[in-house]
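Have the model open beside you as you read. We will go from the strands to a few single residues.

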Amino acid sequence: MFVLIPEMFVIENGDSDSAAGPEGIVHQFLCHRVRYLISYRRILQLTASYSVRTVNPDDFTVTNDFRFDDIVRLVPNESDPTAFTIELRVNKGTEKLVPYFYTSEYRTEVLCRLHEFLWKAKVLK
């Protein structure tokens, strides 16, 4: 069952793999991806297969898809209550991190769900 809240989409199916919605999506949020001076809307999805996927809401194409294992750190922006960063390790052999900058009116909910899923992914290994 989908529940539509302005500027935020949430699938209310709980957190178990069997309760996942279409395509294994457990939660999804409308965010803005920030690159340089440009900002564009993205749907940030958390999947039952422990990955984060971003989707273009205009044509529903997947723009990014990365596993929780690649996430190194989640960083809330202290000066902007809507901004946060997801830092990814792009190459397992190096220490190079790539920051992905996002904003969302529901930053707290997004980060709480991400932390919850990161914890579960590490515990269930």
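## About the model

This is a predicted model, in which local features need pLDDT of at least 70, side-chain atom pairs count only at pLDDT 80 or more, and totals for chains, interfaces and linings use all residues. Residues are numbered from 1 along each chain as its sequence is written, and side-chain values use heavy atoms, with hydrogens and water left out.

## The sheet

Seven strands form an open sheet in the order β6-β5-β4-β3-β9-β8-β7, with antiparallel pairing. At its edges are β6 (62-67) and β7 (71-76), each pairing on one side only. Strands here are DSSP runs (E, at least two residues), numbered from the N terminus, and two of them pair if DSSP finds at least two bridges between them.

Strands β8 (residues 83-89) and β9 (residues 97-103) pair in the antiparallel sense over seven bridges. Glu87 stands opposite Pro99 in β9.

## Arg42

Which strand holds Arg42? Look in β4, residues 38-47. Arg42 is buried, meaning under 20% relative accessible area with a 1.4 Å probe, protein chains only. Arg42 has no salt bridge (a side-chain nitrogen of Lys or Arg within 4 Å of a carboxyl oxygen of Asp or Glu). The nearest side chain of opposite charge, Asp58, is 5.9 Å away.

## The β8-β9 loop

Asn91 is found in the loop between β8 and β9. Asn91 counts as partly exposed because its relative accessibility is 44%, between the 20% and 50% limits. Asn91 and Asp70 are 21 residues apart in sequence and 8.8 Å apart in space, C-alpha to C-alpha.

Definitions and conventions:
Helices (H or I, at least four residues) and strands (E, at least two) are DSSP runs, numbered from the N terminus. Lys and Arg count as positive and Asp and Glu as negative; His and the chain ends are not counted.
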